[in-house]
Amino acid sequence: MLPPNLARLYAKNRRDGARLLSSAVVITSIGLIRIDHPIGQVVAALGTMVCLYWWTCYRNLER
């Protein structure tokens, strides 16, 4: 669990969470399109990590 004074890097409702997650998927797919370039590899790798983190946060939201 996060300490109480540390801000959470995710929304508190499912609608905003879905928006964040879909934005991360779009950015990741842009990185995957240019996977042959080093910057594309970095964007794809970071985007994948953010997507996985936000997906786990999204699953824990109630509404």
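Select Arg15 to begin. In this predicted model, Arg15 counts as exposed because its relative accessibility is 55%, and exposed means over 50%. Now extend the selection to residues 14-33: this is helix H1, in which Arg15 lies.

How far apart are the C-alpha atoms of Arg15 and Tyr58? They are separated by 9.6 Å, although the two residues stand 43 residues apart along the chain.

Next, select residues 38-60, which form helix H2. Within helix H2, pick out Met49. Is Met49 buried or exposed? Its relative accessibility is 53%, so Met49 counts as exposed.

Finally, clear the selection and display the whole protein chain. Which elements does the chain contain? There are two helices and zero strands. Of the 63 residues in the chain, 24% are buried; here, buried means under 20% relative accessible area.

Switch to a surface display for the last view. The accessible surface of the protein chain is about 5,100 Å², and carbon and sulfur atoms account for 67% of that surface. Contacts can also be considered across the chain: among those between residues at least 6 apart in sequence, 58% join residues at least 24 apart.

How values were computed:
Residues are numbered from 1 along each chain as its sequence is written. This is a predicted model: local features need pLDDT of at least 70, side-chain atom pairs count only at pLDDT 80 or more; totals for chains, interfaces and linings use all residues. Side-chain values use heavy atoms; hydrogens and water are left out. Helices (H or I, at least four residues) and strands (E, at least two) are DSSP runs, numbered from the N terminus. Buried means under 20% relative accessible area, exposed over 50%, partly exposed in between (1.4 Å probe, protein chains only). Contact means heavy atoms within 4.5 Å. Accessible areas come from the Shrake-Rupley method with a 1.4 Å probe; for residues, only the protein chains shown count as cover.
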